[in-house]
2 protein chains.
Amino acid sequence: MSDRAGLDFPRPLTTVDVVIFAIKSDALQVLLVQRPDTESEPFPGAWALPGGFVDIAGDRDLEACAVRKLKDKTGVVSPYLEQLGSWGSAARDPRGWSATHAYFALLGEHAAGGALAADAQWFTIGGEKVKPKLAFDHAEILQAAIQRLRAKVEYTSLPAYLMPPEFTLPELQRSFEIVLGRPLEKSAFRTRMLTADLIEPIAKMRKGPNRPAQLYRLKKAKAPVFFARTFNPPE
Amino acid sequence: MSDRAGLDFPRPLTTVDVVIFAIKSDALQVLLVQRPDTESEPFPGAWALPGGFVDIAGDRDLEACAVRKLKDKTGVVSPYLEQLGSWGSAARDPRGWSATHAYFALLGEHAAGGALAADAQWFTIGGEKVKPKLAFDHAEILQAAIQRLRAKVEYTSLPAYLMPPEFTLPELQRSFEIVLGRPLEKSAFRTRMLTADLIEPIAKMRKGPNRPAQLYRLKKAKAPVFFARTFNPPE
DNA sequence: CATGCTTAGTTGTACAGTCCAACTAACTTA
DNA sequence: TAAGTTAGTTGGACTGTACAACTAAGCATG
């Protein structure tokens, strides 16, 4: 049945979905969109990850489709976009066998504060899920994205993409802690960040109610940094 | 154009491809299949990764499709199968917009020594490629798989899946070195393997021309072990 | 003004695990 | 027996994480 000489066989429905993360209100949040509330649609009115069908006439490749769908809902281009994985089966969509190519994106604080499409909204992540029940297998995809992000935060600089353009080291540490859901040891964190080729100080301090803090910014065109060792796991 | 109310729009061709690794002749090898030598097929007679179209009537999900295609060519089920990623674009296949969901598999020495389908053959990997020019974008997929495998070998126990049922520690170390393409430090390697919950000694020694070596086997139903730290990078 | 509190930044020490050199153990060959 | 080889072990140096304790720099209060 596979590798048919002709191409006249049924093909899976093919979509791209994007898990878009940001830190808002001191919490990790994800962008969801509300599906149309019409009876002819699967999961009417339910919340889902942004995404939809691949347009083979307009999308050059999968990543271009992901970039398009992200921009449709947020109006911006993400500083970090990574392919998460794909899900495909007979069971995911009542309309028939379907597959999705999932990506996850990290939005900086300023980008995440902008206007959204009318059907889009930020939701706070609790554990490995959100409050609303999600359409399709999107809860599973969201969980996979959260697990992937958290695993990579243990040994990379990924949360730097969630920061505003200028930030202090304690603020950066806080972003790691929010994603991971646990405190990190300050001196090890500082050593890690200051010895990596990642950030540079700017000639400005953050004034607050206590001691002023040095402001930093990401170095130009910065790819994520990989560290040789993870933070120690929580007990 | 996306999220169309109806489903009467063109869909991408959808395939699953599997990068199957094994160690044979003291080298990392990958299984390739030769495409049909007919003019009506794209890349006639060229070597390609095992795979092909998703059969939406017979394949429950993407992974089932991958397992089927691996078994078609090798006759066995792999002890380790991991999703690698997906590639989809207008440019990969002259027949039209297509997407593939790629997996990589690790075959133990015994499984890799068995009979193959008539069109399949093992090829030695040099650097991040093989000698033959591959069909479609399979050279790119193979490169991604090799990079993924090597990156994960720095901090996991993955090469254990490439071993025969019984092995010595120096043999296990050799498998890591073959995949990584560089020597590893013996005492650190032994500490790593013996303190992980991965292998157990059996009541048998390997007799050879020098000192006898203790034989080990993988502990039952063993998921890969993750280590907190990578081996030090080569200079 | 002094004191206490808070957060920013720093420092010395302990620890786990990687690397290296050197060693002992167990075999084979000349 | 000596030399060579591989298997297995050990002490010390190194890296970077965690911890406790400290100094620095502000603010509020009495």
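Predicted model: local features only at pLDDT ≥ 70, side-chain atom pairs only at ≥ 80, totals over all residues.
A polar contact is taken here as a pair of N or O atoms within 3.5 Å, where, within protein, one atom must be able to donate a hydrogen and the other to accept it. By that rule, five residue pairs, both at pLDDT 80 or more, are in polar contact across the interface of domain 1 and domain 2 of chain A.

Domain 1 of chain A spans 13-152 and domain 2 spans 156-218, with their C-alpha centres 28 Å apart. Contact between them involves 17 residues of domain 1 and twelve residues of domain 2. Together the two domains of chain A bury about 1300 Å², of which 70% is on carbon and sulfur atoms. On the domain 1 side, the residues losing the most area are A:Ile23, A:Arg150 and A:Lys152, which together account for 36% of what that side buries. The interface also holds one salt bridge: A:Arg174 pairs with A:Asp26, and their closest N and O atoms are 3.0 Å apart. Elements giving two or more residues to the domain 1 side include β1 (13-24), β2 (27-34) and α3 (138-153) of chain A. Sorted by class, that side has eleven nonpolar, two polar and four charged residues.

Turning to the two protein chains, 40 residues of chain B are in contact with 40 residues of chain A. The chains bury about 3400 Å² between them, 57% of it on carbon and sulfur atoms. Of the area buried by chain B against chain A, 19% comes from B:Arg11, B:Ile56 and B:Trp97, more than from any other three residues. Zero salt bridges are found between these chains, while 13 residue pairs are in polar contact. On the chain B side, β5(B) makes the largest contribution, with six residues. That side comprises 17 nonpolar, eleven polar and twelve charged residues.

DNA strand C is surrounded by 22 residues, the closest being A:Lys186, A:Asn210, A:Gln214, B:Ser187 and B:Asn232. A base oxygen, in turn, is 2.8 Å from a polar side-chain atom of A:Asn210. Two or more residues each are given to this surface by α5 (186-195) and β10 (213-218) of chain A and by α5 (186-195) of chain B.

Technical notes:
Residues numbered from 1 in each chain as written. Chains lettered and ligands numbered in written order. Heavy atoms only, no water. Contact = heavy atoms within 4.5 Å. Buried area = accessible area lost by both parts, 1.4 Å probe. Salt bridge = Lys/Arg side-chain N within 4 Å of Asp/Glu carboxyl O. Helix = DSSP H or I, 4+ residues; strand = E, 2+ residues; numbered from the N terminus. Nonpolar A, V, L, I, M, F, W, Y, C, P; charged D, E, K, R; others polar. Near = heavy atom within 4 Å. Domains from an automatic or database assignment.
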